[in-house]
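Subject: Two-chain model, handover and notes

Hello,

Here is the structure for your files. My notes follow below it.

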Amino acid sequence: MADVLLSRALLALFPGVPRRIAVEASSVREVIAALDRAAPGISDRLLRAGPSIREHINVFVDGDVAGLDTPVNPGSTVHVIPAVSGGA
Amino acid sequence: MSHRAVLLVGTRKGAFILDGDGTRRTWSIRGPYCEGFSIHDVSFDHSDGAILAGGGSPWFGPAVWRSADLGATWTHSSAGLTYGDAGPDLTRVWNVTAAAGAVYAGVEPAGLFRSDDGGRTWTHLQGLRAHPSRPDWQPGNGGLICHTIVPDPADPAHLWVGISSVGVFETVDGGATWTTRNRGVRTDFIPGPAPDFGQCVHKLALAAGEPSTLYQQNHCGVYRSADAGATWTEITAGLPSDFGFPIGVHPRDPGTAWVMPLNGADKGRFAPDAKPAVWRTRDRGESWTRLDRGLPPRDAYISVLREAMAVDDLEPAGVYIGTSTGQLYGSADEGETWTAIAENLPPIASVEVAVIGR
């Protein structure tokens with residue numbers, strides 16, 4: 001199982017979803033599919049046409065920036081975090 | 001008097017709801033809702049009492065938000081709001097309009113979607129983007145956006161849409177096929193005679209009780225059509241400028257409409273001489289009257305965007321405008337006098353009004 005940590009911004013969009021979710025997945029693509037089963041609609045918030053990860057969403061696997069095909073291992077930690085953005 | 005007016009306001013920083021009383025002179029503000037999303041349109045579905053908000057987030061993409069309890073709780077969805085993995089990527093929802101049991105969404109890049117479950121799931125009405133003109137559509141300053149949806153209340157298969165820098169289209173078969181409806185509308189920004197499409201419609205409105213009478217505020221003037229958009233007659237004469245964004249129509253009188261002229265497309269796009277006024281016609285655009293009592297008398301460099309004018313259906317009709325600098329003004333007497341309802345909201349993109357409780 002991989003350990004997925006969601007940002008507060010995502011939790012605000014999906015009330016009731018826990019910040020930390022354990023999922024069975026071998027890639028980031030599978031992580032997002034598993035998240036969508038737990039929180040229907042979350043893949044639309046994370047993916048754009050392609051599909052690819054939205055421009056201002058960052059996914060890290062064990063601390064490294066990841067893409068959809070990045071492998072995820074049992075025991076991996078996956079962070080899903082909106083990118084920093086400036087301005088008012 | 002048990003009814004009350006509710007203002008639905010879309011801003012760059014979420015949606016707000018203003019609860020009014022029966023007099024439309026006292027308001028209280030709730031929100032923001034849909035936080036993190038820039039909301040381009042908030043509308044009311046009279047068929048089920050739901051509030052629908054369309055917009056987009058730079059992080060999380062496009063969405064239609066829905067509240068079935070007047071804003072107490074919200075859900076969001078973009079299920080089906082896509083042109084597929086081959087793209088183009090759909091970035092924002094610009095208009096949400098409920099009609100005849102369906103909900104329509106106009107989006108960027110320009111296209112039209114339909115929901116038959118109150119905005120929870122969406123189907124692309126492919127006919128609009130299949131129009132032969134589409135390869136030549138060019139974005140305006142606000143993007144390539146389908147920003148206006150006008151249903152014919154007498155015919156669920158009949159509607160018009162407006163696309164910036166592209167023009168007006170009409171369908172009579174529920175969106176399967178579309179016809180350009182821009183004849184008579186100027187295109188000062190293109191050399192030569194006006195083409196079949198490429199007109200920069202800013203807002204379109206259908207006259208009360210006359211499904212063949214449309215009004216249009218365009219980048220290049222204000223227009224009226226007496227033949228469902230087939231031809232347009234310019235009615236700018238008498239206004240201080242041919243440039244503005246919104247146009248509102250009276251709930252009962254097909255000859256009455258309101259516009260908010262700005263100083264010009266190439267002049268800063270704020271109130272002429274920084275003295276804001278709404279202008280009203282009572283005779284289908286043959287003449288216009290300046291209405292400014294209660295609006296800032298001077299030094300007000302404000303503008304009102306395309307979706308940010310609303311008209312209620314009470315007697316007399318109420319008119320509301322929201323500015324791109326966060327002021328919301330209302331008139332309970334068809335524009336004769338104005339009061340500030342809110343003065344420090346985020347930049348306002350849209351204003352809608354619903355009368356509930358009757």
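With 22 C-beta neighbours inside 10 Å, S165(B) counts as buried (20 or more other C-beta atoms within 10 Å of its own; 12 or fewer would be exposed, anything in between partly exposed, with C-beta atoms placed from the backbone). The residue sits in the loop that joins strand 13 (155–163) to strand 14 (167–171) of chain B, and S165(B) has a positive phi of about 65 degrees although it is not a glycine. Strands here are DSSP runs of E with at least two residues, and helices are runs of H or I with at least four, both numbered from the N terminus.

On provenance: this is a predicted model, in which local features need pLDDT of at least 70 and side-chain atom pairs count only at pLDDT 80 or more, while totals for chains, interfaces and linings use all residues. Residues are numbered from 1 along each chain as its sequence is written, and chains are lettered from A and ligands numbered from 1 in the order in which they are written.

Other backbone points

R24(B) also has a positive phi of about 65 degrees without being a glycine. R24(B) lies in the loop between strand 2 (14–20) and strand 3 of chain B and is buried, with 23 other C-beta atoms within 10 Å. The one from G50(A) to P51(A) is cis, with omega near -10 degrees; P51(A) is in the loop between strand 3 (47–48) and strand 4 (52–53) of chain A. The bond from G31(B) to P32(B) is cis too, with omega near -5 degrees, and P32(B) belongs to strand 3 (residues 27–33) of chain B. For reference, most residues other than glycine have a negative phi, and most peptide bonds are trans.

Sheet in chain A

Chain A has an open sheet of five strands in the order 2-1-7-5-6, with mixed pairing (two strands pair if DSSP finds at least two bridges between them). Strand 2 (20–23) and strand 6 (64–65) of chain A are at the edges with a single partner strand each, so one side of each has no neighbour in the sheet. Strand 5 (residues 57–61) and strand 7 (residues 77–82) of chain A pair in the antiparallel sense over five bridges. In strand 7 of chain A, I81(A) is the bridge partner of N58(A).

Interface

In total, 17 residues of chain B are in contact with 15 residues of chain A (C-beta atoms, placed from the backbone, within 7 Å).

Regards

How values were computed: Contact = placed C-beta atoms within 7 Å.
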